[in-house]
Amino acid sequence: MTSDTSLSLADALAAGTVVLDGGMSNQLESAGYDLSDELWSARLLAERPEAVTQAHLAYFRAGADVAITAGYQATFEGFARRGIGHDDAARLLTLSVDLAREAARQAEDEGIDRPLWVAASVGPYGAMLADGSEYRGRYGLSVDELERFHRPRIEVLAAAAPDVLALETVPDADEGAALLRVVRGLGVPAWLSYTVAGRRTRAGQPLEEAFTLAADVDEVIAVGVNCCAPEDVLPAVEIAARVSGKPVVVYPNSGEAWDAEARAWTGRTRFTAGQVKTWQDAGARLVGGCCRVGPEAIASIRQALGTV
């Protein structure tokens with residue numbers, strides 16, 4: 001957290017509702033950057049880090065309390081395919097947290113006077129594959145193998161001292177179990193957020209089973225859903241609150257659909273700020289947007305939640 005108060009994100013969630021940012025990729029694209037690359041926004045950590053800072057700053061200005069870093073597709077394996085070695089990859093992972101911190105400092109210099117937190121993005125195994133499999137799960141890997149994949153990256157991110165680890169867009173309860181193994185005893189809070197279809201994970205497991213995995217993990221301060229259709233949020237919030245006993249995090253997409261082959265969004269926007277009060281009433285305490293949800297929508301969310 002960058003602020004003159006020591007309020008933790010967990011304490012803030014216990015006290016009320018906190019506003020998340022929106023999609024990093026759409027904000028960078030609107031600024032003119034080409035993200036048609038397997039590394040997606042993570043490529044700009046190496047090539048245009050100042051652009052990442054400005055994207056975070058745009059969301060803080062719009063009313064976000066939490067910035068999610070540009071590390072969703074930042075993995076040792078993904079960087080290695082681009083000729084970036086282990087040490088440089090670790091440096092870029094750390095930089096992802098530092099850039100969000102810098103944006104928070106700049107926001108405070110501009111007079112934004114509220115606690116601002118940094119969430120280190122931990123994308124799923126499928127994000128590294130860059131073939132859309134994060135929307136399917138069932139990678140053919142065991143929980144042990146998934147744990148071995150995630151642990152080195154998460155340990156580097158934890159050492160960068162974010163306020164929270166965002167274990168996000170998880171399509172499969174098995175991967176959720178692997179991620180939870182890594183964060184146990186790590187000493188850094190985390191939230192666990194699945195991408196869902198209806199009342200099931202993208203891999204087909206009932207959400208009751210998926211959310212129950214986090215119920216007894218002290219490090220997990222919120223569970224919920226992201227990168228899903230807006231209409232899938234409310235049932236998931238109700239299930240998450242009931243079976244986990246934890247605050248709920250929600251940040252859906254705009255409602256458009258991702259075409260993995262064309263690497264483009266199709267369809268129409270179905271996300272409205274008017275939906276978020278219903279989610280809040282059902283238990284959502286950490287609310288924002290994911291893909292195709294920009295600063296204007298985040299400003300509307302903040303107003304709708306009455307946190308202005």
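Which residue of β4 is the bridge partner of A120? I looked this up first, and the partner in β4 is L165.

**Entry: the model**

I am working from a predicted model, in which local features need pLDDT of at least 70, side-chain atom pairs count only at pLDDT 80 or more, and totals for chains, interfaces and linings use all residues. Residues are numbered from 1 along each chain as its sequence is written, and side-chain values use heavy atoms, with hydrogens and water left out.

**Entry: the sheet**

I took helices (H or I, at least four residues) and strands (E, at least two) as DSSP runs numbered from the N terminus. Two strands pair if DSSP finds at least two bridges between them. On that basis I find an open sheet of eight strands with parallel pairing, in the order β1-β12-β9-β8-β5-β4-β3-β2. The edges are β1 (18–19) and β2 (66–68); each has a single partner strand, so one side of each lacks a neighbour in the sheet.

I then went through some of the pairings. Strand β3 (residues 117–122) runs parallel to strand β4 (residues 164–170), and four bridges join them. β1 pairs with strand β12 (residues 284–287) in the parallel sense over two bridges, and V18 is placed opposite L286 of β12. β12 also pairs with strand β9 (residues 248–251), again in the parallel sense, over three bridges. There I noted V248 opposite A284 of β12.

**Entry: α4 and its two partners**

For helices I used axes fitted as lines to C-alpha atoms over the stretch in contact, with angles from 0 to 180 degrees between N-to-C directions. Angles under 35 degrees count as roughly parallel, over 145 as roughly antiparallel, 65 to 115 as roughly perpendicular and the rest as oblique. A crossing is left-handed if the near helix is turned anticlockwise from the far one by less than a right angle, and right-handed if clockwise. Contact means heavy atoms within 4.5 Å. I counted Ala, Val, Leu, Ile, Met, Phe, Trp, Tyr, Cys and Pro as nonpolar, Asp, Glu, Lys and Arg as charged, and the others, Gly among them, as polar.

Helix α4 (residues 49–62) and helix α13 (residues 295–304) have axes that come within 8 Å and cross at roughly 30°, and the two are therefore roughly parallel. The crossing is right-handed. A58, Y59 and A62 of α4 touch P295, I298 and A299 of α13. I classed the residues of this contact as six nonpolar, no polar and no charged.

α4 also packs with helix α6 (residues 86–109), at an angle of about 50° and with the axes 8 Å apart; this pair is therefore oblique. The crossing of α4 and α6 is right-handed. Among the residues that meet are L57 and F60 in α4 and L95 and L99 in α6. The contact of α4 with α6 divides into 10 nonpolar, four polar and one charged.

**Entry: α8 and α9**

The axes of helix α8 (residues 143–159) and helix α9 (residues 173–183) come within 8 Å, crossing at roughly 45°. The helices are therefore oblique to each other, and α8 passes α9 in a right-handed crossing. The contact includes E147 and R151 of α8 and D174 and R181 of α9. By class I have seven nonpolar, one polar and six charged residues in the contact of α8 with α9.

**Entry: aromatic pairs**

Rings of Phe, Tyr and Trp (its six-membered ring) pair if their centres lie within 6.5 Å; planes under 30 degrees apart are stacked, over 60 edge-to-face and the rest tilted. My search of the whole structure gave five aromatic pairs. In one of them, Y194 and F211, the ring centres are 5.7 Å apart and the planes stand at 75°, so the pair is edge-to-face. Y194 lies in strand β5 (residues 190–194) and F211 in helix α10 (residues 207–212), 17 residues apart.
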